Amino acid sequence: MATSFASEKEKRNASSSNNMFELLLFRLGQPSGALKHELFGINVFKVREIMVMPEITSMVNAGPNVMGIANVRGQLIPVVNLPKIVGCTPAKGTGILLVTEFARTTQAFAVEEVVEIVRLDWKQALSAEGTGGGLVTSLARLDGDKENSRLAQVLDVEQILRDVFPDQHHTFREDTIMPKGSIPAGSVILAADDSAVARMMIEQALKAMNLPVIMTKSGKEAWEKLDSLYAQSKAQGIPIRDRVALVLTDLEMPEMDGFTLTRNIKDDPRYSGIPVMVHSSLSGTASENHARSAGADAYVAKFVAEELGSNILKVVAGSR
């Protein structure tokens with residue numbers, strides 16, 4: 001029996017205020033050398049449905065981590081062997097399929113078992129960059145600040161898809177023709193994204209446009225950097241709007257998410273007039289509407305460099 005989340009997206013978006021998110025917890029088996037089966041997680045917003053593993057048809061020239069193709073209600077969807085990618089051995093096999101919609105694409109992940117859905121504050125998620133072989137963005141403390149809280153590894157789906165499907169999820173190409181334009185002299189774009197591969201692509205795209213950017217790894221870090229830039233601007237007698245042309249933010253980030261960052265900026269009179277653009281893999285009208293309700297001036301789904309660049313220039317021009 002399949003569990004669909006499609007009809008719940010609007011309701012979940014409406015309730016994802018106050019820096020909260022819902023995490024789907026699952027197991028992939030036993031990691032090499034570990035004494036227990038670890039918990040992994042993915043944002044519920046990315047999950048279209050959960051189903052018992054259907055018949056898989058093998059693909060010619062499929063990558064080593066692709067099990068094949070599944071026919072899900074007439075749609076052919078590639079199935080990724082998630083336990084193999086993270087180095088786990090499922091004792092029960094891969095009997096569950098997570099069908100996901102992410103960054104304009106649909107794909108499915110084979111997992112051993114689904115555990116539960118938990119509602120957490122992003123403050124319970126701590127950055128895990130540099131751990132997990134680059135496949136984990138954060139560690140979620142499921143029981144809050146309690147001693148010996150259960151931990152779940154939140155997977156970096158952007159990095160995984162880039163590794164598994166390099167032709168579809170490529171990095172920025174040097175021959176990409178980026179839109180021409182500029183931002184006010186002396187100003188920068190302040191960007192926040194917890195995925196290393198996303199930060200790299202953003203930096204490469206903006207560099208190709210000769211647009212200066214300050215990259216941060218979370219909404220909290222971006223907020224603190226904005227406060228620092230405000231203090232510098234005030235000391236120099238320069239309006240902060242002349243220092244920060246635009247804030248570009250992801251939505252899913254540890255400690256402080258993009259919804260909260262956007263709301264904080266828009267509710268603070270110090271930052272009046274600074275536009276905020278959301279750049280997220282959570283594509284769909286529900287996520288876009290929720291971002292705009294938080295005050296975002298624009299919403300761009302990841303990752304089309306030309307579209308990102310043209311929207312940045314349009315939003316900056318429109319705010320002047």
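In which hand of crossing does α5 pass α6? I looked, and the crossing of α5 past α6 is right-handed (the near helix is turned clockwise from the far one by less than a right angle).

**Ground rules.** My model is predicted: local features need pLDDT of at least 70, side-chain atom pairs count only at pLDDT 80 or more, and totals for chains, interfaces and linings use all residues. I number residues from 1 along each chain as its sequence is written, and side-chain values use heavy atoms, with hydrogens and water left out.

**The helix pair.** I found α5 (residues 219-236) and α6 (residues 258-267) packed at about 20 degrees, their axes 9 Å apart. Axes here are lines fitted to C-alpha atoms over the stretch in contact, and angles run from 0 to 180 degrees between N-to-C directions. That angle makes α5 roughly parallel to α6 (under 35 degrees). Helices are DSSP runs of H or I, at least four residues, and strands are runs of E, at least two.

Next I listed the contact (heavy atoms within 4.5 Å): G219, A222, W223 and L226 come from α5, and L261, N264 and I265 from α6. Those residues divide into five nonpolar, two polar and no charged; Gly counts as polar.

**The cores.** I then turned to the largest nonpolar core, which has 27 residues, with F26, L82 and I160 making the most contacts inside it. Such a core joins buried nonpolar residues (under 20% relative accessible area, 1.4 Å probe, protein chains only) through side-chain atoms within 4.5 Å. Helix α3 gives the largest share, four residues. Apart from this core lies another, of 22 residues, including I189 and V316.

Note on methods: Buried < 20%, exposed > 50% of the residue type's maximum accessible area, 1.4 Å probe, protein only. Parallel < 35°, antiparallel > 145°, perpendicular 65-115°, else oblique.
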